[in-house]
Amino acid sequence: MDSSVVLKIFEQITRIPRESGHEDGIRAWLTEWAESHSLEHRQDAAGNLLIRREAAPGKENVPVLVLQSHLDMVCEKNAGVEHDFARDPIRYEIRDGWMVAPDTTLGADDGIGIAASLALLEDNTPTGALECLFTASEETGMDGAMGLEPGFFEGKTLVNLDSEDEGQLFVGCAGGLNTNIRFRVFRSALKCGYEPVGLMVGGGQGGHSGDDINKGRVNTVQQMARFLYAHLSECQVLSITGGGKPNAIARECSAIVAVPDIKAFASEVEKFSASLKEQFHKTDPEVFCRILARGEYDAAAAILPRPALSDSSALAVVRSLYTCPHGMQAMSQDIDGLVQTSTNLASVRMIGRGVVEVVTSQRSSSTAERRDIAARVAANFESEGAVTAKKYEYPGWNPDMSSPILARTVEAYRRLFSQEPEVKAIHAGLECGLFAEKIGGLDMISFGPTLRGVHAPGERLELASLDKFVALLFDIVVNFN
């Protein structure tokens, strides 16, 4: 099987909308694909899809092998980019050996896993029975894995195709949960002589809240709160909106404030922008803070009189965003270089005129540490009068260094590439932890090609790594016994 076949299938997938929670299109496309290839398929109540190919003649006694990837993708785009993820195909280009989406996410996480599974299903090389499992809404809460029906698949060996570093074989991952926060806010009239003005902190690199959380990248929501907290005595806050998905580091945050002297306020913004550039010159060289032109934010915000947040509501929201724990919290004591515990201040948004909603996510290889940092995040906001709720908790995946599929994969990697693979655990969440919890005796491994900028615009796939990923996966499937 050639990697060009996988890439051709993935190119078709980039034309199909598949944002988390809106996966009907990709499910329908996969179902039609299965029927056109005369393959058995079924769907469960959670929205998971299974496509099965029976064993080739002479391979009936080979154990069933499960290949698993997820249907959905994180949909993020740069500010000002006209792209409708519910309708438009992903715009990508091939550049210096990479497939890259310049202004949006690419969806190689995990569209490349889907494509590899389909390429294997249509390949004529004789193998044992294959079950290709496509799970629903992994990115927002692992809904498919959570709701997986008992007995939905038969195999007891599973290869997860949702990793992002070629040459690394993953045998463990962090568990996670989201802590969601809601403020009931009150409003008051604009003060006499105060004029509204738009403000943005942007240019952040963003990234995956698991893989990239230890890289010191700017969180624009927290930096906006930092600036506003320092200037609450000289401005009124009308709105604050920033960040995106729970598993992405916030790249942009905007606010509308009212001030008595726009020129003086702009001077403070300029100073803050310079300090951000100095602080994050290595991790986020494009970061900025600037005043928005009137046409860049909601025109209705400039119509007087419009109520601002009351002083007490603004203080509660801004102070708690500023003091919220964010970033890496602890490194593993057992595995060198592995982040054990982290938390991500993901987003803030206004819901109507009376509610401010904040979303955060926590990860840890330790259940106790994960719940502890979630409790600290909740306490931070509850101390300012907010109501908090825990959502979408999923378990970690504990490494099994005696795993038969690990041994097979290490042997194949050495034989194919004459080099030693790294065997690792990952701080990101994989569905393997839930599979292990639901299905006893399941032997698992995770690997994939090299992806960069996952969960952020500019996501890219290294094509040379795709060649090696496909060769390794094909070898594992063909020689599985």
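1. Keep in mind that the model is predicted. The mean pLDDT of the protein chain is 95, with 98% of its residues at 70 or more. One stretch to treat separately is residues 299–305, where the pLDDT is below 50. Beyond near neighbours in sequence, that stretch has eleven contacts in the model.

2. **The largest nonpolar core.** This core has 62 residues. The members that touch the most others are Leu 30, Ile 51, Leu 67, Leu 118, Phe 134, Leu 461 and Leu 473. Helix H12 gives the most to the core, with ten residues. Take Leu 473 as an example: leaving out residues up to four places away in sequence, Leu 473 touches Leu 67, Ala 116, Leu 120, Val 159, Leu 161 and Phe 447. There is also a second, separate core of 43 residues, and Phe 183, Ala 316, Val 318 and Leu 345 are among them.

3. **Aromatic pairs.** The count of aromatic pairs comes to seven. In one of them, the ring centres of Phe 153 and Phe 435 are 6.5 Å apart and the planes stand at 90°, so this pair is edge-to-face. Phe 153 is in the loop between helix H5 (143–146) and strand E7 (157–160), while Phe 435 is in helix H11 (residues 432–438), so the pair ties together parts 282 residues apart in sequence. Both of these Phe residues are buried.

4. Phe 447 and Phe 469 are buried. Elsewhere, Phe 227, Phe 265 and Phe 272 make up one aromatic cluster.

5. **Charges over rings.** Have a look at Arg 42, whose charged end sits over the ring of Phe 152, 5.5 Å from the ring centre. Lys 468 likewise has its charged end over a ring, that of Phe 417, with 4.9 Å to the centre.

6. Most residues other than glycine have a negative phi, and most peptide bonds are trans. Against that background, check the bond from Asp 109 to Asp 110, which is cis with omega near 5°. Asp 110 is in helix H3. Ser 137 is not a glycine, yet its phi is positive at about 45°. You'll find Ser 137 in the loop between strand E6 (130–135) and helix H4 (138–141), and at 7% relative accessibility Ser 137 is buried. His 455 also has a positive phi, near 75°. His 455 is in the loop between E22 and E23 and is buried, with a relative accessible area of 2%.

7. **Arg 251.** Setting aside neighbours within four places in sequence, the contacts of Arg 251 include Glu 76, Lys 77, Asn 78, Thr 220, Ala 456 and Pro 457. Gly 202, Gly 203, Gly 204 and Gly 206 are also among them. The C-alpha atoms of Arg 251 and Val 470 are separated by 33 Å.

8. **His 326.** This residue is in the loop between helix H8 (311–323) and strand E16 (327–331). His 326 is partly exposed, at 22% relative accessible area. Asn 219 is 107 residues away from His 326 in sequence, but the two are 8.4 Å apart from C-alpha to C-alpha. Apart from neighbours within four places in sequence, His 326 is in contact with Ile 213, Asn 219, Gln 222, Thr 343, Asn 344 and Leu 345.

Terms used. Residues numbered from 1 in each chain as written. Predicted model: local features only at pLDDT ≥ 70, side-chain atom pairs only at ≥ 80, totals over all residues. Heavy atoms only, no water. pLDDT = per-residue confidence, 0-100. Contact = heavy atoms within 4.5 Å. Core = buried A, V, L, I, M, F, W, Y, C linked by side-chain atoms within 4.5 Å. Buried < 20%, exposed > 50% of the residue type's maximum accessible area, 1.4 Å probe, protein only. Helix = DSSP H or I, 4+ residues; strand = E, 2+ residues; numbered from the N terminus. Phe/Tyr/Trp six-rings, centres within 6.5 Å; stacked < 30°, edge-to-face > 60°. Lys NZ or Arg CZ within 6 Å of the ring centre and 35° of its normal.
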